[in-house]
Amino acid sequence: MERQAPGNTGCFSKDWCMSLLLPQLNRQSLHVYGSEVAVEIECIKQRKRGLFVIHPFSTFRSYYITCMVVVIFMNLIGIPMEISYLNGHRGVGWGGFNVFSDTLFLIDIGLNFRTGIVTEDSEAAVLDIKCIRQMYLKGWFIADVITSFPVGCIVFVVNMHYYSEYSSETSSAMASLLTFLKILSLVRLLRVSRLVRFLNEAEQVTNSDHEMARVLFRVMSVFMVIFLLCHWNGCVQYFVPMLKAFPIDCWIQRENLMNATVIEKYTVGVFRALSHMTATSYGASGLPTNEVELWIVVTSMVSGAIMYTFLVANTVTLMTEADITSWTYISKNNHLKGYMKEIKLPKDLCTRINSYFKTRYGGKWYDEKEVLNWVSSSLREEILMIMCSHLVRKVPIFRNCNEIIMSTVLLQLQYEVFQEGDVIMYPDTPCDRMFFIEHGHVILQRNSFKRELDDGDYFGEICLLTRGNNLDRVYAQSACYLFSLSVERFYQILEDYPELMKDLERAVGPKL
């Protein structure tokens, strides 16, 4: 299970209920916010707001998605069975489940107005209620309203009246209304769009770091869609002749299935559908005897071609669009493990190296320097400006720098990663660089004095002026992602822009 952000967890208390709505630590939340500290800060911010907003990375959302996937899948299986093979004889249990499903989908519409949204270009979840409402109304609202129309409740009521004691004329009208409602209930099959959305969201918030697990999740989704296509086709095989009151030349009459059980009818229907979809001769008792049956066979064959296309396309996509960076990471990681095994490093050191490798690259292998060399110098400066300028601007000596000086500084930064417990700076040792914290939690300790630094802070700036020994012991309290500027590179910048030295002396002088 995913680790939950800190908070009081008293059973059914207000704090416990609130904690269910807060973001949890999983692959997607760490990707969006960058670190565990940033996720914890997001939890604190949401607690202070005090509003009922479901975070898209929350525990409640994870369990809710699982519940909705199960309910939708049962609907997509049961609805075609109900309107074809069951022919109204569905029992109170299935009728009650239909009423429950329709109610749940109506509730889902309401919850969507209070559920945060993560867009592709956002760096954090959208939790503003007004923005959520506008985005949902412009997005899936209309489709959700159509698929949530409570046809199941209406059919349940009509069925109760249909089997009551009415005159023949009234019963005939009720039967016609029931047939119309059965056809109308096909609209509920559009809930497959919700199933796809929930499956995509479930794939994003899964806590698995293994690429193979995510590939298997996609494969499972593909076969789920193929199963639904075969199931629906098998139900259509029976549904269309039923609407025509089973003509004497239909396949149900020819196979003597009029008095057969539902399981037997369904088995033969699916078998016929699969024989058409796979273009085999099995299951076909001669040529179609009427135009309706002919079009059913044509539709089955076309849907089979679509199924083949869908399966091949997804297979090719999984092969050609595989996460190359993840596979490269796995290859590099295996190479590293083989090297450690060959030179027989101690087990605890191997554990630390593996932990660093995972922290540093996060399951994906990028060579930042090589990637930045692929683009032009202007684009490279723009990328670095977006990544680091907000960190460098917080340092007094760089606060008033123009864009040219800032670009020069950014090009000299080095990316470094430290694990929890790593010592970044030792006291009474030569200090050769200053650091900017992108993500992480750092402790500065001098004798009994301690100071905590978080995302966006910096340290080691005195070293740029004094080039002397460091006075503080600096260590990482969590995984830290830092940018560093070496003294040597800084003084190379000073040769071109000597005015920075005055700013440096003015900013650092009081601290000496």
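Strand E4 (residues 442-446) and strand E5 (residues 449-453) run antiparallel and are joined by 5 bridges. Strands here are DSSP runs of type E with at least two residues, helices are runs of type H or I with at least four, and both are numbered from the N terminus. Two strands count as paired if DSSP finds at least two bridges between them. This is a predicted model, in which local features need pLDDT of at least 70 and side-chain atom pairs count only at pLDDT 80 or more, while totals for chains, interfaces and linings use all residues. Residues are numbered from 1 along each chain as its sequence is written, and side-chain values use heavy atoms, with hydrogens and water left out.

Back to the hairpin: E4 and E5 have 2 residues between them, and Asn 447 in the turn shows a positive phi of about 60 degrees. Arg 446 has Phe 449 as its bridge partner in E5. E4 also pairs with strand E7 (residues 473-476), antiparallel and through 4 bridges; there Val 442 stands opposite Ala 476.

Next comes an open sheet of 4 strands, in the order E1-E8-E3-E6 and with antiparallel pairing. Its edge strands, each pairing on one side only, are E1 (414-418) and E6 (458-459). Strand E3 (residues 433-439) is joined to E6 by 2 bridges, and Phe 435 stands opposite Phe 459 in E6. Helix H21 (residues 487-496) packs on this sheet and touches E1, E3 and strand E8 (480-486), its direction making about 50 degrees with that of E8. Such angles run from 0 to 180 degrees between N-to-C directions, with axes fitted to C-alpha atoms, for helices over the stretch in contact.

(Buried means under 20%, exposed over 50%, and partly exposed in between, with a 1.4 Å probe and protein chains only.) Leaving aside neighbours within four places in sequence, the contacts of Met 425 (heavy atoms within 4.5 Å) include Phe 435, Phe 459, Asp 472 and Val 474. Met 425 and Asp 472 are 47 residues apart in sequence, yet 7.2 Å apart in space, C-alpha to C-alpha.

Now for the charged side chains: the whole structure holds 6 salt bridges, each defined as a side-chain nitrogen of Lys or Arg within 4 Å of a carboxyl oxygen of Asp or Glu. Three of them are listed here.

| Asp 108 | Arg 194 | 3.5 Å |

Arg 197 is partly exposed at 22% relative accessibility, while Asp 144 is buried at 0%. Asp 432 is partly exposed, with a relative accessible area of 44%. Through shared partners, salt bridges join Asp 108, Asp 144, Arg 194 and Arg 197 into one network.
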